[in-house]
Amino acid sequence: MSGPVRIAVAGAGLIGKRHIEAITATPVVELHSIVDPSDAARRYACLIGARWFGSLAEAFDADKPDGIVLATLNQVHVENGLECVAAGIPALIEKPLATDLQAGLDLVIAGEDAGVPLLVGHHRRHNPLIASAKMQIDDGLLGTLVAVHGMFWLMKPDDYFETGWRRQPGGGPVFLNLIHDIDLLRHLIGEIVSVQALVSNAVRGNPVEETAAIILRFENGVLGTFSLSDTIVSPWSWELTASENPAYPPTGQSCYFIGGTHGSMELPNAKVWSNPAARSWWEPISATRYPVSREDPLVRQIAQFANVIRGKEPPLVSAREGLKTLQVIDAVQRSAPNGQTVTLP
């Protein structure tokens, strides 16, 4: 492929616009077009000087892009993904891959059978901080991993819930937010083999959960806990600690704690705690903070997508990886009504 990689963006909502900004900030990549039937999207395309199409079919018939970002509604991810596979166009699909596991599996298989790369937008894996932490864990810096704890505590304001679907099942923090955290824990720690969950809606009283407590068992023997709530005023969530998105004020805190036999790691603070001498609770303990470069993971994700399109490297987060994360979220949702342990296949 000569010249820049031309990537279209389907869906010009909040995340779609962030992808468009990432494309314009990425060398050797250019925005092919915006695909969105709304008048607002058409005006936005005109404002930034981009071509506009009302549907994927129109865009593909007029001038096929080299790749496409699907930032459309969750409910049409599979339908749109299958359109891309049929047209032979690699796609980066915003999370979640699908709202139904079987449909997600059908999409994964369709892409693999056709040899069309499908990626999922779990952009946090592209953060240099996560790449560094994974390398340190894999190199044994923490010794044998034993336990992990994660937190997503923040306050979503009342006007957030003026959009009706956010008050209904599927619109709560388990499906919308926890999915990113689970993907990172799978990436850093290993595969999750069972979950047990409890949920509550005691504050707002909406039909959807607002708080959850989750126990995770990993294939390698690590035990994990995760506390999740969108009704707590708190500094402890990835959004408020990682400085990835300028929309969220950074707090300088951590939200993940990974423990091993030789040390423990805080993320995203990038601190590793260890005993300088003998490993013992009687001995002094100190923290080493490892410097990590600050780069926008959405820009890095687009750059990686371009390399996948060019055939230079495999996806960091393939559709099958996205499906595995979705399977864990499905297990959490199945466990929540009665708190029973759900074993993953």
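Modeller: Buried means under 20% relative accessible area, exposed means over 50%, and partly exposed lies in between (1.4 Å probe, protein chains only). The model is predicted, so local features need pLDDT of at least 70 and side-chain atom pairs count only at pLDDT 80 or more, while totals for chains, interfaces and linings use all residues. Residues are numbered from 1 along each chain as its sequence is written, and side-chain values use heavy atoms, with hydrogens and water left out.

Colleague: Is His32 buried or exposed?

Modeller: His32 is buried, at a relative accessible area of 4%. This residue is found in strand β2, residues 29-35 (strands are DSSP runs of E, at least two residues; helices are runs of H or I, at least four; both are numbered from the N terminus).

Colleague: Which residues is His32 in contact with, leaving aside neighbours within four places in sequence?

Modeller: They are Arg6, Ile7, Ala8, Arg51, Phe53, Asp63, Lys64 and Pro65, where contact means heavy atoms within 4.5 Å.

Colleague: Turning to the largest nonpolar core, which members touch the most others?

Modeller: Ile68, Leu178, Val195 and Ile258 do, in a core of 71 residues. Helix α7 (residues 173-188) gives the most to this core, with nine residues. Such a core is a set of buried Ala, Val, Leu, Ile, Met, Phe, Trp, Tyr and Cys residues joined through side-chain atoms within 4.5 Å.

Colleague: What does Leu178 touch beyond four places in sequence?

Modeller: Leu178 touches Pro173, Ile214, Phe226, Leu228, Ile329 and Val332.

Colleague: How many disulfides are there?

Modeller: There are zero, a disulfide being a pair of cysteine sulfur atoms within 2.5 Å. Cys84 is buried at 0% relative accessible area, and Cys255 is buried at 0%.
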